[in-house]
Amino acid sequence: MKNQRIFPGIILIGFGAYLFLQQSGFTALQTLYSWPTLLIIVGVAFLGQGYSAKDHEAILPGVILAGFGLHYHFAGKIVFWPNNTIGMLVLFISIGFFLRFQKTNNGLFQAFLFLVLALLLLFYDKVSEYLGFLQNGLSIAWKFWPAIIILIGVYFLFRKKK
């Protein structure tokens with residue numbers, strides 16, 4: 001049976017510290033008094049459950065929530081941090097799959113799939129600029145790449161296992 005006290009323990013400590021610091025008026029951490037901090041706290045609780053209690057399925061939501069919280073704190077404030085929210089979400093999903101794969105040996109294909117999709121989303125302008133010299137043939141495929149992704153997904157959904 002998995003240890004079920006780590007997740008609520010981290011949630012209560014994190015939310016309690018958040019509320020205590022907010023009530024105390026501690027101004028040095030004023031930028032952390034927002035909803036992305038709560039996402040980070042919940043994400044860290046999932047990661048604590050995933051690693052400490054060996055509930056490895058909690059790693060993926062932990063990385064997604066903590067990563068999304070970090071993204072909303074850093075976007076627009078750190079120069080090198082991308083502003084592409086969808087691309088970053090897909091990247092955090094990929095990182096979550098990679099970290100979960102380390103513990104379960106399951107989900108490596110999904111990790112690489114999400115990584116490729118994240119790179120396409122994050123660097124869409126650069127990729128289309130590099131491929132601009134192939135205007136005629138590739139531009140049609142590039143225009144319909146979301147449909148191509150949907151068709152690949154349908155293939156994986158309905159293919160027969162051997």
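I began with the contacts. In the protein chain, residues 24 or more positions apart account for 54% of the contacts with a separation of 6 or more. Contact here means heavy atoms within 4.5 Å.

I noted the ground rules next. This is a predicted model, where local features need pLDDT of at least 70 and side-chain atom pairs count only at pLDDT 80 or more, while totals for chains, interfaces and linings use all residues. Residues are numbered from 1 along each chain as its sequence is written, and side-chain values use heavy atoms, with hydrogens and water left out.

**Entry: overall make-up**

I looked up the secondary structure. The protein chain has eight helices and zero strands. Helices (H or I, at least four residues) and strands (E, at least two) are DSSP runs, numbered from the N terminus. From that end the elements run α-α-α-α-α-α-α-α.

I then checked burial. Buried residues make up 27% of the 162 residues in the protein chain. Buried means under 20% relative accessible area, exposed over 50%, and partly exposed in between (1.4 Å probe, protein chains only).

**Entry: the salt bridge**

How many salt bridges are there? I found one. The rule asks for a side-chain nitrogen of Lys or Arg within 4 Å of a carboxyl oxygen of Asp or Glu. The partners are Glu57 and Arg100, with their closest N and O atoms 3.0 Å apart. Glu57 lies in the loop between α2 (35–52) and α3 (59–74) and Arg100 in helix α4, so the pair ties together parts that are 43 residues apart in sequence. Glu57 is partly exposed at 46% relative accessible area. Arg100 counts as buried, at 10%.

**Entry: the loop between α2 and α3**

I stayed with this loop for His56, which is found there. Is His56 buried or exposed? His56 is buried, with a relative accessible area of 19%. Leaving aside neighbours within four places in sequence, His56 is in contact with Gly50, Arg100, Lys103 and Thr104.

Lys54 lies in the loop between α2 and α3 too. Lys54 counts as exposed, at 59% relative accessibility. Most residues other than glycine have a negative phi.

**Entry: Asn105**

I looked up another positive phi. Asn105 is a residue other than glycine, and its phi is near 55 degrees. I placed Asn105 in the loop between α4 and α5. Asn105 is exposed, with a relative accessible area of 62%.

**Entry: Ser94**

Ser94 is found in helix α4 (residues 85–104). Ser94 is buried, at 1% relative accessible area. What does the side chain of Ser94 reach? It reaches the backbone nitrogen of Leu115 at 3.4 Å. Leaving aside neighbours within four places in sequence, I found Ser94 in contact with Ala111, Phe114 and Leu115.

**Entry: the largest pocket**

A pocket is an open set of points on a 1 Å grid over the protein atoms alone, where a 1.4 Å probe fits, with protein on both sides within 12 Å along at least five of seven lines; lining residues have an atom within 4 Å of a point.

The lining includes Phe109, Phe112, Phe114, Ile149 and Phe156. The elements that give two or more residues to this lining are α5 (108–122) and α8 (145–158). Helix α5 gives the most, with eight residues.

Methods: Polar contact = N/O pair within 3.5 Å; in protein donor to acceptor, adjacent residues only side chain to side chain.
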